[in-house]
Amino acid sequence: MSANDTPLIGLIQEHKLIDMPNEEYHSHREYISASQIKDLLKNPYKFFHPVEQEHKKAFDIGSAIHSLLLEPENFKNDFSVAPKCDKRTKAGKEDWQKFLDESKGKIVLESADYDNCIKIARSTLNIPEVVKLLKNGVSEKSFFITQEDGTKKKVRPDRYRADIN
């Protein structure tokens with residue numbers, strides 16, 4: 001059986017998953033991901049001429065829920081919850097600026113959005129099948145492989161469990 005015929009999950013079990021930030025994973029442009037292959041097949045022009053996606057609040061909320069479920073230990077490093085302050089007053093403006101300064105590099109969530117993220121995460125964790133899947137695994141680890149034909153591939157599963165094929 002060649003590397004091309006081997007299921008990816010089998011390759012992952014034979015190789016080490018690498019712990020690296022998401023940005024570093026995406027910076028390895030010499031490797032191609034399944035998402036990139038799908039983009040290439042769907043629209044080759046867009047693949048070779050990518051356009052930066054418009055930022056949407058929904059992405060931040062999805063990322064927050066993702067973090068709460070899969071990497072709760074990193075949540076406070078990656079997200080800040082906006083304080084309730086009156087930005088019309090001098091004190092409110094100062095409080096807001098202090099918050100922004102302390103939140104550099106983090107995703108800022110409005111308080112109501114954060115509360116909803118917590119509710120969704122708790123609700124999700126009340127599903128026994130989800131709890132079972134989240135048990136005994138690792139989240140957001142990167143894997144790189146060069147196949148026998150020289151094709152370089154990468155994958156970053158949200159959750160990986162060696163005991164589930």
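The exercises below concern a strand pair and some aromatic contacts in a predicted model.

**Exercise 1.** Describe how strands β4 and β5 are paired and connected.

Solution. Start with the ranges: β4 covers residues 143-146 and β5 covers residues 152-155. The two strands run antiparallel and share four bridges. Then look at the connection: five residues separate the strands, which form a hairpin. Within the turn, G150 has a positive phi of about 95°.

**Exercise 2.** How many aromatic pairs are there, and how is the pair of Y25 and F144 classed?

Solution. The count is six aromatic pairs. For Y25 and F144, the ring centres are 5.9 Å apart and the planes meet at 50°. Stacked requires under 30 degrees and edge-to-face over 60, so this pair is tilted. Next, place the residues: Y25 belongs to helix α2 (residues 22-27) and F144 to strand β4, so the pair ties together parts 119 residues apart in sequence. Y25 is buried at 5% relative accessible area, and F144 is buried at 15%. Ring pairs also bring in Y31, giving a cluster of Y25, Y31 and F144.

**Exercise 3.** Classify the pair of F47 and F48, and decide whether F48 is buried or exposed.

Solution. The centres of the two rings are 4.9 Å apart with planes at 90°, so the pair is edge-to-face. F48 has 56% relative accessibility and therefore counts as exposed.

**Exercise 4.** Which rings have the charged ends of K154 and K87 over them?

Solution. K154 places its charged end over the ring of Y25, 4.7 Å from the centre. For K87, the ring is that of W96, at 4.0 Å from the centre.

Notes
Residues numbered from 1 in each chain as written. Predicted model: local features only at pLDDT ≥ 70, side-chain atom pairs only at ≥ 80, totals over all residues. Heavy atoms only, no water. Pairing = 2+ DSSP bridges. Phe/Tyr/Trp six-rings, centres within 6.5 Å; stacked < 30°, edge-to-face > 60°. Buried < 20%, exposed > 50% of the residue type's maximum accessible area, 1.4 Å probe, protein only. Lys NZ or Arg CZ within 6 Å of the ring centre and 35° of its normal.
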